[in-house]
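Work through the exercises below with the sequence and the 3D view side by side. Try each task before reading its solution.

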Amino acid sequence: MQFTAFLLFPATYYYFSPYLPFQALTEGVVNGSIFIFGALFVGSIFFGRTFCGWFCPAGGLQDCVMQFRPEPVKRRRVRWIKFLLWGLWLSLYVFLIISAGKPDKTDFFFLTESGFSVSDPGSLILYLIVVFLLFVFPLLIGRRASCHIICWMAPFMIIGRKLGNAARLPGMGLVIENDNCISCNGCTSVCPMSIDVMANVSSGNLEDQDCILCGACADACPKGVIALRIGRR
Ligand code: SF4
Ligand code: SF4
């Protein structure tokens with residue numbers, strides 16, 4: 001599913017673009033990516049970062065890179081960077097809205113060609129730059145490094161997830177099914193987000209802001225200790 005999402009990225013790119021809202025807001029328009037960011041935030045209250053683990057085009061690309069660069073990332077060293085970038089980026093939006101005035105139009109397909117994003121040489125160059133960045137971080141640093149360092153959508157979902165947890169709303173998450181863990185490290189070794197899943201199993205808490213609910217750890221566990229479930233938290 002993720003690889004398909006990546007193949008469709010030339011069509012869908014503008015709906016995830018962090019740049020396009022700047023251009024749209026200066027013209028008083030709320031574009032498609034602003035709607036998508038809002039939907040990801042609301043959806044994450046119940047489904048966490050499921051989008052990252054199942055539907056994200058950038059995830060599909062990075063999972064391909066992981067096949068030949070599988071080293072885990074030292075998360076604590078790098079994951080704060082995306083929050084810094086995200087804060088600056090959102091501040092620029094607010095500044096634009098204050099300076100250009102409140103947007104008075106909506107256009108989900110803003111600047112697309114019949115809904116297709118990459119439709120001229122300019123948009124192709126921009127697209128290739130973004131793909132190059134998403135490709136080079138996992139290549140140089142390790143598994144899904146772009147998710148940890150530059151993803152502009154992850155903070156929306158991390159905050160949404162925390163709100164859902166705080167309100168104890170039902171949602172999707174990992175649960176510990178039994179205490180048959182044999183400490184084989186299988187779950188940790190497959191985790192695309194470099195989470196020490198085995199340590200989390202030992203502590204009895206599988207909640208982690210980097211978890212994208214992909215279910216790889218559950219699939220890898222030979223004892224059926226971990227499961228992906230929808231229910232009360
Ligand atoms: S902890 Fe499990 S579900 Fe979460 S990202 Fe890692 S492998 Fe996927
Ligand atoms: S894969 Fe299963 S048995 Fe192995 S360490 Fe992880 S939870 Fe324990």
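**Exercise 1: Helix 4**

The buried residues of helix 4 are Gly32, Ser33, Phe37, Leu40, Ser44 and Ile45. Buried means under 20% relative accessible area, with a 1.4 Å probe and protein chains only. The model is predicted: local features need pLDDT of at least 70, side-chain atom pairs count only at pLDDT 80 or more, and totals for chains, interfaces and linings use all residues. Residues are numbered from 1 along each chain as written, ligands are numbered from 1 in the order written, and side-chain values use heavy atoms, without hydrogens and water.

Task: find what the buried residues of helix 4 pack against.

Solution. Start with the span. Helix 4 covers residues 32-47, 16 residues in total. From first C-alpha to last, helix 4 reaches 21 Å, close to the 22 Å expected at 1.5 Å a residue. Next, list the partners: helix 3, strand 1, helix 5, helix 8, strand 2 and helix 11. Finally, look past the end. Gly48 follows helix 4, with a positive phi near 55 degrees.

**Exercise 2: Thr50**

Task: decide whether Thr50 is buried or exposed.

Solution. Locate Thr50 in helix 5, residues 50-54. Its relative accessibility is 10%, so Thr50 counts as buried. Now check contacts (heavy atoms within 4.5 Å). Beyond neighbours within four places in sequence, Thr50 touches Phe55, Met172, Ile212 and Leu213.

**Exercise 3: Ligand 2**

Task: which residues come nearest to ligand 2?

Solution. Of 13 residues around ligand 2, the nearest are Cys181, Cys184, Asn185, Cys187 and Cys221. Helix 12 and helix 13 each supply at least two residues of this shell.

Terms used
A residue is near a molecule or strand if one of its heavy atoms lies within 4 Å of it. Helices (H or I, at least four residues) and strands (E, at least two) are DSSP runs, numbered from the N terminus. Buried means under 20% relative accessible area, exposed over 50%, partly exposed in between (1.4 Å probe, protein chains only). The expected span of a helix is 1.5 Å times one less than its number of residues.
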